[in-house]
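Please look over the structure below before reading on.

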Amino acid sequence: MSQLLNCKANFADSLLFWLTRFLRYKLTTLSSKNVQNRDAISLIIAKFQALPSSLNELEILCKEARKNGLIGIATYANPLLKLYPYLVAMSFERLEQIHEELLIDFLTIQGSGLSSATKKNYRVAMIGFFAYLDKHNRTEDGKAHIFNIELKNIGGIRGRSGQKLPAYMNETEIDIFLRSIDEYPQSQKIAIRNRLILKLIIYTGIRVSEALNLRMKDIFPQKEVYLLQIRGKGDKMRVVMIKRQHIESLLMQWIKQKKELGIKSELLFCNQKGESLSQAYIYKVVDQILSYGGIYKEKMGAHMLRHSFATLLYQKSQDLVLVQEALGHADLNTSRIYTHFDTNRLIQAASIMDEMGK
């Protein structure tokens, strides 16, 4: 159903109305596989429907939705919540005054220091928002105002061919990180759980989201290893393996601790209320342990553990297909980036001219 474009008394309130409608729409289209409490999500959607009165309220609702399992909302909410004060500062009177060059300026300013992937997310969010506006708005004369926002050829937003090489740890740094996991002082209530999840990620290369979605029934002991059934992107299933010696003691301690605390959640990793942990929390813990171990990279965070696993796997195996299967990449070209870290190949290339000129 269409709605008057400038439906509120001023530009800021009209923009907030449309942002709320769009983000509510996205909530209903996102994958719900991570949702544990459907009643909570229903309540959040109802609050969207009631329309928050401020940007702060809208931001809180988006965070609640993400915390309750609709993780993908951040892809749209984060850029648009930053776009709002930028546009309001222009002192416009009507939404029709928004134009593409203004949005390109926003992307250029806001995108400074962001990765190419994050810049792409900003572009996708804004194109999606204005496409939604094009489809659902009407002006006073009963026609729709078409913004026709495309944001083509934005500087700094590169395709896969221009992808920046990810940060990773070398073998020495991985050893330091593994020791730091055990040595970093944490509360007794969370130490075992946090050590277990980090070791699981670094030893298998699974994504943080995949680790957080693991359930007790997804772990299968088999001789000297555990088999883990992983649900990856697009709900694609794969199996990864980890030697029991790396996690068995922590796993048994954590299972015992869950029982003692009365935690009945099917999730392997959860808080004391049985609720899923957030990716942001895991990233924070990883950053703390990296700093504790004196490991500093251009881009810190839990995803670097996956890159470190993949890099070492390729260096040891020289098998790109193995890397693809281990990481659950749909396209072999996605895995190919790890060949850039093959020191032996680089040395071979650098030595090709050694015999010349002698």
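## The second largest cavity

By class, the lining of the second largest cavity holds eight nonpolar, no polar and no charged residues, where Ala, Val, Leu, Ile, Met, Phe, Trp, Tyr, Cys and Pro count as nonpolar, Asp, Glu, Lys and Arg as charged, and the others, Gly among them, as polar. The lining residues are L196, L200, I219, L228, I247, L251, L268 and F269; α8 and α10 (244-260) are the elements that give two or more residues to this lining. A cavity here is a set of points on a 1 Å grid over the protein atoms alone where a 1.4 Å probe fits but cannot get out, and lining residues have an atom within 4 Å of a point.

This is a predicted model, in which local features need pLDDT of at least 70, side-chain atom pairs count only at pLDDT 80 or more, and totals for chains, interfaces and linings use all residues. Residues are numbered from 1 along each chain as its sequence is written, and side-chain values use heavy atoms, with hydrogens and water left out.

## The sheet

Three strands form an open sheet in the order β3-β4-β5, with antiparallel pairing; strands (E, at least two residues) and helices (H or I, at least four) are DSSP runs numbered from the N terminus, and two strands pair if DSSP finds at least two bridges between them. β3 and β5 (237-243) stand at the edges with a single partner strand each, so one side of each is left without a neighbour in the sheet.

β3 (residues 219-222) and β4 (residues 225-231) pair over four bridges, and Q222 stands opposite V225 in β4. β4 and β5 pair over seven bridges, with V225 opposite K243 in β5.

Key:
On a 1 Å grid over the protein atoms alone, a cavity is a set of points where a 1.4 Å probe fits but cannot get out, and a pocket is an open set with protein on both sides within 12 Å along at least five of seven lines; lining residues have an atom within 4 Å of a point.
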